[in-house]
Amino acid sequence: MSLSAGPIFSFAFSPPQRMRHLLKFFQDSPHARPVYEMVSNHFSLRSFPVGSVFGALRSRDAGPRVLLFILESALGIVAVILVAAFAHWSGWLLPVALLLYLLIVVPTALLCGFWQAVIVSLSVVFVHGYFTTHRSQANLAVDPANSVTLLVFVLVALVVSRLSARVNDHAREAESWGGQMRDLYELTRRTLELNLHVEPGPQLAELLHEIFALEAVAVFDADLHDVYQAGYWSVDPREMAQNVYYFGSSDDDPATGLGRRVVRLGSVPVGSLVVRGDTSPLTNNAIASLIAITFDRYRAFANESRIETERRTEQLRATVLDSLAHAYKTPLTAIRAASTGLGEMRHLSPGQADLVALIDEQTSLLGDLTTRLLTTARLDAGEIKIHATQVGVAPLIEEVVISLKDRLASMKVVIDIPDDGLVLPCDRQLMVMLLTQYVDNACKYSIFGSPITIRVVSAKAEVIFSVHSYSPMIPMADRERIFNRYYRSSTQSNRTSGTGIGLSVAKRVAQIHHGYVWVTSDEHEGTTFFAAIPASARKESA
Amino acid sequence: MNQHVIRILVVDDESAIRRALRPPLMELGFQVMEASRGEEALQTLRASQFDAVLLDVNMPGIGGIETLRRIRSFAPRLPILMLTVRDQEEEKVEALELGADDYVTKPFSTRELIARIRTAVRRVRTPARSEDSPIEIGELRLEPVKRTVTKRGLPVHLTRKEFDILHCLMSRAGRVITYARLLTAVWGADCREEVEYLRTFVRQLRKKIEDDPANPVYLLTDVYVGYRFADAQTFAEEEAEVAIPQSVPEDAP
């Protein structure tokens, strides 16, 4: 409400903001009234221009204020009449009377306002003129010096009135700023207390509406792509709020009372704010910043909760898998013992023996699956800790090949280890799991009669294991995903048995060792699975 | 192979497993008694004579390992086979160290179990062999006194340590020798953790005694537990079909 600049009477010209208030009164809206009250509490009607007074007439509460204005002016005029009459009868000279007049005008300006003081000052001219018409020595018309004196008096009275009004204005302005600061502080405090379990937009809109007594608020959350509003909007603010965000148009329109802000986090726009009401541009900036901070807190909180939820889900899943796998073990053992026992009893017909063999075989498969599930569950639950020792690579590969010899019986396996004495700090058991998975995989998918090549290359900082086989090409899109749990390549899903767990175990094992896995695949060159394990041990576990 | 009946005590808290084992064992001439807890097994064992015990590791109450320890305190030569599950390698090793004769991993095949029981029982019943008498398993022959090994009559050149390892394994053929025990026997107690060292030697040894080192038939690995030399009976009686019963994980992850 900067009114201080310019000449005295610039005050009389309605600045745009006051025009706005005037416009407001003409709105036949229930929302106009509380806003008017709010404004009039902050900015006393006494300092309002005539236009406002006129506007105030429209308001139900404006009546007493106009009456007060008239009463104050009337009291001032009565005081002037009394002094003038007293001066007339006492025969005082004009300067003495004027000093007395000043004693009336200055308190009027200080206590009541500029316009009351103006009316009282002008009344002095008329009243004094009236009383002195018949006194030649004091007659204004007779003695020009008297006119000048009176004119000087009016000017002095106006200057004093203006100055006191400005002092009052500044005081009120400061008070208003203080109020806005208090509101901002309140907003800050309340945003810190927001419930971050739900989206912050609606809460923020309500808070702004309540604390700043705004007519209407719209908050756009770009992340959730939703506009939240509070208060009364005559038009739907959604489009406007989104446009502010998309076009980055932050401005204040005094004519409509609309403040628009892009809500930015650093330089990144995260939403927008549109308010209609009586807030300064600076306040709007501060509000936008607070909204940005709240949005950010919400995201961080949501992210944290999501990670926590995921961790818990994973833990629960691992626990369930673990207990399931354990629960399966006993029935599986009983079935296998029974079926193989039946086979041992040796008086089965060939058909019966076949069926018993089938039961045995399928039980083994089920047992295999259970063990894999158990291993994955443990790996995922982080239960398996790395026991790194210096492991000889050649015996390691040999052990893997030997352990798979049933499956590799019909395959040609080529082992290519350039350095027989190569040792690697790793968890032997886990590395056996990884390599077994790779070799087993190669076994499953390789073309009949083609060789499987297990190769170890010692690079600078890592040892790279690779298992190559001539198996169908893995589509580019699948090469990353096949290492995810339960993912089975679309080209292979119907061809061989498998759980879709194994390669995820391989990946996990490599990760635990701070290594990584990848696969190359080519129609002619075949498929190679790689695992790179750092050649120097790291202390921390998975 | 054994003329008189083998009396066996099956100790497992799961009745389904006991029920599944009883008929085939009885059919094959075993006399089967059952116990569902370690405490019960100890009572039964004190009350009557048995030729072998099948003992589950995971049981409520005092559990399999403690039961084993207590049985060994009064029956040091009774063959005891542990029933374990895959991810309990430490317990397997512990059981073997405590004097268990062997172990089978659930889910096991009854055929393999019976073969193991017979091997264990036979070992106890065969009169103790002199430390210095030659050992002949399959085509391999080891002469402890001369410290020579021959395969199909042809000499196999072994280093001192290789010979010691082979001797240790062959003299206990058919039984699992844990890494720690083998290391202690050959290198002394200070080296019982040096499994990688042992693996390197075993690798060399396989190259010398096996026809196909990648497909061993004599020197077998019990993954995570130790090594086992194939039982002489395997080559004498059976075909290659049960040559490597337990030592190969059929469901390596």
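This is a predicted model: local features need pLDDT of at least 70, side-chain atom pairs count only at pLDDT 80 or more; totals for chains, interfaces and linings use all residues.

Trainee: What share of the residues is buried in each chain?
Mentor: A residue is buried if 20 or more other C-beta atoms, placed from the backbone, lie within 10 Å of its own. In chain A, 36% of the 542 residues count as buried, and in chain B buried residues make up 43% of 253.

Trainee: Which elements of chain A touch chain B?
Mentor: Two residues are in contact if their C-beta atoms, placed from the backbone, lie within 7 Å. The contact takes 41 residues from chain A and 35 residues from chain B. On the side of chain A, the elements that give two or more residues are α10 (281-344), α11 (350-380), β6 (388-392), α12 (393-403), α13 (405-408) and α14 (428-445). The most comes from α10(A), with 13 residues. For classes, Ala, Val, Leu, Ile, Met, Phe, Trp, Tyr, Cys and Pro count as nonpolar, Asp, Glu, Lys and Arg as charged, and the others, Gly among them, as polar. This side of chain A has 15 nonpolar, 17 polar and nine charged residues.

Trainee: At what angle do α12(A) and α8(B) cross?
Mentor: Axes are lines fitted to C-alpha atoms, for helices over the stretch in contact, and angles run from 0 to 180 degrees between N-to-C directions. The axes of α12(A) and α8(B) (residues 195-209) cross at roughly 65° and come within 9 Å. Here A394(A), P395(A) and E398(A) of α12(A) meet R199(B), T200(B) and R203(B) of α8(B). These residues divide into two nonpolar, one polar and three charged.

Trainee: How do α5(A) and α6(A) lie to each other?
Mentor: Angles over 145 degrees count as roughly antiparallel. The axes of α5 (residues 94-112) and α6 (residues 114-132) of chain A cross at roughly 160° and come within 7 Å; the two helices are therefore roughly antiparallel to each other. Their contact has 10 nonpolar, four polar and no charged residues.

Trainee: Why is α14(A) described as largely enclosed?
Mentor: In α14(A), 16 of the 18 residues are buried, so this helix is largely enclosed by the rest of the structure. The expected span of a helix is 1.5 Å times one less than its number of residues. From its first C-alpha to its last, α14(A) reaches 26 Å, close to the 26 Å expected.

Trainee: Is K106(B) buried or exposed?
Mentor: K106(B) is buried, with 23 other C-beta atoms within 10 Å. This lysine sits in strand β5 (residues 102-106) of chain B. Not counting residues up to four places away in sequence, K106(B) touches K329(A), T333(A), L83(B), T84(B) and V85(B). K106(B) and V85(B) are 21 residues apart in sequence, yet 5.0 Å apart in space, C-alpha to C-alpha.

Conventions:
Residues are numbered from 1 along each chain as its sequence is written. Chains are lettered from A and ligands numbered from 1 in the order in which they are written. Helices (H or I, at least four residues) and strands (E, at least two) are DSSP runs, numbered from the N terminus. A residue is buried if 20 or more other C-beta atoms lie within 10 Å of its own, exposed if 12 or fewer, and partly exposed in between; C-beta atoms are placed from the backbone. Angles under 35 degrees count as roughly parallel, over 145 as roughly antiparallel, 65 to 115 as roughly perpendicular and the rest as oblique.
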